[in-house]
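Please read them with the structure open.

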Amino acid sequence: MKRRDFTRVCTSIVIAASSKNTELLAQTSRVNYQRSLLQLGGSGNLHADQLTVGIPYLFFYPYVTTPCLLINTGRNLKASDTSDWKGGTGPNNSIVAYSAICSHKMSHPAKEISFINYRHDPVSFYSKKEGKSVEKSGVISCCSERSVYDPSQGAKVLGGPAPHPLAAIELEFDTSSGQIYATGSYGTDMYEPFFEKFGFRASMEHKVSNPKALAKEKIPVHELTSYTRQTIKC
Ligand code: FES
């Protein structure tokens, strides 16, 4: 599939951040990318019931260098009434996936270290909404500057400096085989700013000449902790 074949519906463009000389653009859009079958460790096909509740998994989509978190939250997650988020998928609607590029300064899982992580155990943070410190389990936490997202509500920002939710990865669940496909991305994504800032390092890490190469038809899924040497918790 060539990039121009994608169905991209851009609803707005926002300024996300700025570097020394370049304005970085995050795009709010819905894009149908390659339909990619998720495979456990890159070998056998992944079945939804193989995803352990509370364990963060990692895969790279929609590009070969852009990381995503795959999470079985253990909760039946309905679509949002207040946003475009489509809810969970899988046999119990408990599985979600999000781009793992923090919307603040794009901290993301790399081989050496990850400051962004899914926390099934309780995490303390300052809630903007409640105006006080709270404890909540089942959140995506970025320890770079302590942004916290709620994966059960479209990765809505619960705390910290993140300006907008993580982009959601569209998943398709095949009820007959139990397999899962990634099919697209929606919400405000950070892909272009990521390539601009981290493209060279990401292409070294993934041993690819083009960091913007699209994910293939079959892509491996790993536990986050087996991909990243050190995961930071805060
Ligand atoms: S990069 Fe995630 S909170 Fe700053």
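1. Helices (H or I, at least four residues) and strands (E, at least two) are DSSP runs, numbered from the N terminus. Thr188 counts as buried because it has 21 C-beta neighbours inside 10 Å. The cut-offs are these: buried means 20 or more other C-beta atoms within 10 Å of a residue's own, exposed means 12 or fewer, and partly exposed is in between, with C-beta atoms placed from the backbone. The C-alpha atom of Thr188 is 9.9 Å from that of Ser99, although the two are 89 residues apart along the chain.

2. A word on the basis. This is a predicted model, in which local features need pLDDT of at least 70, side-chain atom pairs count only at pLDDT 80 or more, and totals for chains, interfaces and linings use all residues. Residues are numbered from 1 along each chain as its sequence is written.

3. Confidence comes next. The pLDDT (the predictor's confidence in each residue, from 0 to 100) averages 88 over the protein chain, and 88% of the residues score at least 70. Residues 1–5 fall below 50, and this stretch has 2 contacts in the model beyond near neighbours in sequence. Residues 9–23 are also below 50, yet that stretch has 30 such contacts. A contact here means two C-beta atoms, placed from the backbone, within 7 Å.

4. The overall make-up: the protein chain has 2 helices and 16 strands. Of its 234 residues, 41% count as buried. Among contacts between residues at least 6 apart in sequence, 60% join residues at least 24 apart.

5. E5 pairs with strand E4 (residues 67–72) in the antiparallel sense over 5 bridges. Pairing requires at least two bridges found by DSSP. Asn72 stands opposite Ile95.

6. Which residues touch the most other members of the largest nonpolar core? They are Phe59, Cys68, Leu69 and Tyr98, in a core of 52 residues. Such a core is a set of buried Ala, Val, Leu, Ile, Met, Phe, Trp, Tyr and Cys residues joined through C-beta atoms within 7 Å. Leaving aside residues up to four places away in sequence, Cys68 touches Phe59, Phe60, Tyr61, Ala97, Tyr98, Ser99, Ala100 and Ile169.

7. Helix H1 deserves a check. A straight helix of 16 residues would span 22 Å at 1.5 Å a residue, but H1 spans only 16 Å between its end C-alpha atoms. The helix has a kink of about 80°, centred on Phe198. Phe198 is partly exposed because it has 18 C-beta neighbours inside 10 Å. The buried residues of H1 are Tyr191, Pro193, Phe194 and Ala202. Just after H1, Lys207 takes a positive phi of about 55°.

8. Most residues other than glycine have a negative phi, and most peptide bonds are trans. Tyr61 and Pro62 are joined by a cis peptide bond, with omega about -5°. Pro62 lies in the loop between strand E3 (56–60) and E4. Asn93, in the loop between E4 and E5, has a positive phi near 55°. Met106 has a positive phi near 65°. Met106 counts as buried because it has 20 C-beta neighbours inside 10 Å.

Key. Expected span 1.5 Å × (residues − 1). Bend = angle between axes of the 7 residues up to and from the residue.
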